[in-house]
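Biologist: Please take a close look at a single part of this model. Then connect that part to the rest of the chain.

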Amino acid sequence: MYRLLIVDDEPVIVNGLIQLFQENTEFELDVCKAYSAAQALSIAKKMKLDILVSDIRMPQKTGLQLVDEIAYYWPHCRIIFLTGYSEFDYVQAALRKSADNYILKTEGIDPIFRAVGEACHKLDEENSRRIREEKASMHFQIAAPVLKNERIRRMLKGEPAASLLADPRYEELDFRLNAEEPAFVVIGRIDNPEDLKPQEALESVQRAFHNNLPDSITCESSISDEHIVVWLLQPQAELLGRFLHPDPEAPAWKGFIAYMKGILELVQNECEGLLGASVSFGVSGDLSKGWETIRDQYSALLGALESRVSFGHKMIVIDIEQAHQEFSPESGQMKQEDMKSWVINQIQSFIQHHLSGDVSLTAIAEHVHFNPSYLSRYYKQMTGQNLQDYIQSKKLECALHLMQHTNLKLIEIAARVGFDSHSYFTTFFKKKMGVSPQEYRNSK
C-alpha cells in the first residue's frame, strides 16, 4: 500500500480529490491531505510519503519549494504537480524538479488518476529492482564484524559506554558515534523466525534497514541473537535541528523519533515484500544524557515487543514512552483472545473519540503501535470488515444522531464528523442515505 498526499490551499479541491480516490477501486492507497506547504511538511516529518500531488501556487511556500523539502525526508517520493496555470516557466520549473507529471486543474480527474497510476507503477518497479538486487546479494554472505557486535552487546548489558569506547581492545574499530551527542537504540525483532533461514533473514533485515536510512543518520549495528538486530543511531545536527519545537522545553528528538517511525514503516514493508518476514521495531529515547540507561531501555523495548508477538501481533513499531505506558504487569496476565479484543476496542474507541479530527490509517496505527498496512489487514482479519467502512459507518451514525437529537447547523455537524467542507459532507451523506442532509432533516 502506498501513501498519497494531496496538497492545495483550496479545501474543496483537496476534499473532492480524496473522495474520488476513495471511490476508485483501482487504487489501494492511504490518502492524506494538507491545505498548505507547512501542513504537508508536518506530515512528512511523521510518516513516509510515496506520492505527492501538489498545487504549485500556494501562500508562504510554493509547491516547487515544497518538493525540495519533501525530497529531503523521502527521496523516492513521486511528484505530480496540479495547477491552474499553464505558463511555460511553471512547466520548465516542474521538469527541473524531476516531477513525474504536470497537470492542469481544468483537465479533470482522469489525467490525475493516470498520473497516480503511473507513479504507483514506477514505485512497483523500484521496489522490484531493490528486491532483485537484494536476492542477488543474499548469495554473498559476509561475516558479522565480531568486535563491533561484542562491544554493542556489552553496552546493552550495562557496561559504561565511555570505558568501552576507550578500551584498547577496540581501538582499531571505526565507531562513528559521538557519545556526547544525541543517539538512539533501535531494536528489530523478526516476528516469524521459524519460517525463515535465520542468518539470511537477519542480514536481509540489516540491509533493508541501511538501504532506507538517509545519509543524515549515522549507524552502527549488531546482531543480538538469531532473530534480533540492534542499531545505534545518531542523527546529524542539521537533521535534528529540523525538528525543533516552538516550545524551547520540548526536545527535538521526539520529532526525530516520529520521523524514524516512518523510516521503520518502509523497512517493514520491504522486508515483508522481500522475505515474507514481519519485523517489529522498538525505538529508545535520547541516550546522550544517560548512556547508563541503555540496558533498561533495551529490556523495556524488547519486553514490549515480545509481549505483543506472544499475542499474535506482528509489525509493531513502539517507542520507549509507549512501552512504559502500554505494557503494565497486568497486560502480561491477558490471554491471547482477550488481547485481540482489547486491540480492536482500542481501534474503535480511538475512532469514536476522534471523528472530528484525524482518523487516518496512520493515526490509528500510531495509537495501537502497528504498521499501517498491517493494521488494515489485522482489522479485516479480526472483524471481517474493512476499517475504512467502519470509520464511514461511525461518521454516518454520529451525523444521524446529531441531526435527530440536536439543533446544530449542518455545517457544525459536518465538522463534528470530520468533514472540512459542507459540500464534501453532503456528497458523503447522500451517497450513504440517498438524500441530502437537509432533505433528511426536513423529513424528521
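In which loop is D55 found, and between which elements does that loop lie?

Modeller: This is a predicted model. D55 sits in the loop between β3 (51-54) and α3 (63-73). Its relative accessible area is 4%, so D55 is buried, the cut-off being under 20%. The unreviewed UniProt entry annotates D55 as "modified residue: 4-aspartylphosphate". That label comes from the record and may be inferred rather than shown by experiment. The domain assignment places residues 2-130 in domain 1.

Now follow the chain into α3, which covers residues 63-73. Y72 and Y73 form an aromatic pair there. The geometry is edge-to-face, with 5.2 Å centre to centre and 85° between the planes. Y72 is partly exposed, at a relative accessible area of 25%. Y73 has 3% relative accessibility and counts as buried.

R242 lies over the face of Y72, at 3.8 Å from the ring centre. Domain 2 is assigned to residues 176-329.

Cysteines come next. The sulfur of C77 has its closest cysteine sulfur in C120, 11 Å away, which is too far for a bond. C77 counts as buried, at 10% relative accessibility. C398 is partly exposed, with a relative accessible area of 21%. The structure holds zero disulfides.

Back to the rings. The structure holds 22 aromatic pairs. The pair of Y72 and Y73 is one example, with its planes at 85°. Another is formed by Y379 and Y390, whose ring centres are 5.9 Å apart. Their planes meet at 50°, so this pair is tilted. It links distant parts of the chain, 11 residues apart: Y379 belongs to helix α15 (residues 372-383), Y390 to helix α16 (residues 387-405). Y379 is buried at 0% relative accessibility. Y390 is buried as well, at 10%. Further along, ring pairs link F419, Y424, F425, F428, F429 and Y440 into a cluster.

The record also has an entry for this end of the chain. The unreviewed UniProt annotation "domain: HTH araC/xylS-type" covers residues 345-443. In the model, that span is 74% helix and 0% strand. Its end C-alpha atoms lie 35 Å apart. The domain assignment draws domain 3 at residues 389-443. The C-alpha centres of domain 2 and domain 3 lie 42 Å apart.

Finally, the whole chain. It has 19 helices and 10 strands. The radius of gyration is 24 Å, close to the 22 Å that the globule rule gives for 444 residues, so the chain is as compact as a globular protein of that length. Along its principal axes the C-alpha trace spans about 80 × 60 × 45 Å. Of the 444 residues, 51% count as buried. D55, with its relative accessible area of 4%, is one of the buried residues.

Methods: Residues numbered from 1 in each chain as written. Predicted model: local features only at pLDDT ≥ 70, side-chain atom pairs only at ≥ 80, totals over all residues. Heavy atoms only, no water. Phe/Tyr/Trp six-rings, centres within 6.5 Å; stacked < 30°, edge-to-face > 60°. Buried < 20%, exposed > 50% of the residue type's maximum accessible area, 1.4 Å probe, protein only. Helix = DSSP H or I, 4+ residues; strand = E, 2+ residues; numbered from the N terminus. Lys NZ or Arg CZ within 6 Å of the ring centre and 35° of its normal. Domains from an automatic or database assignment. Disulfide = S-S within 2.5 Å. Rg over C-alpha atoms; globule rule 2.2 N^0.38 Å.
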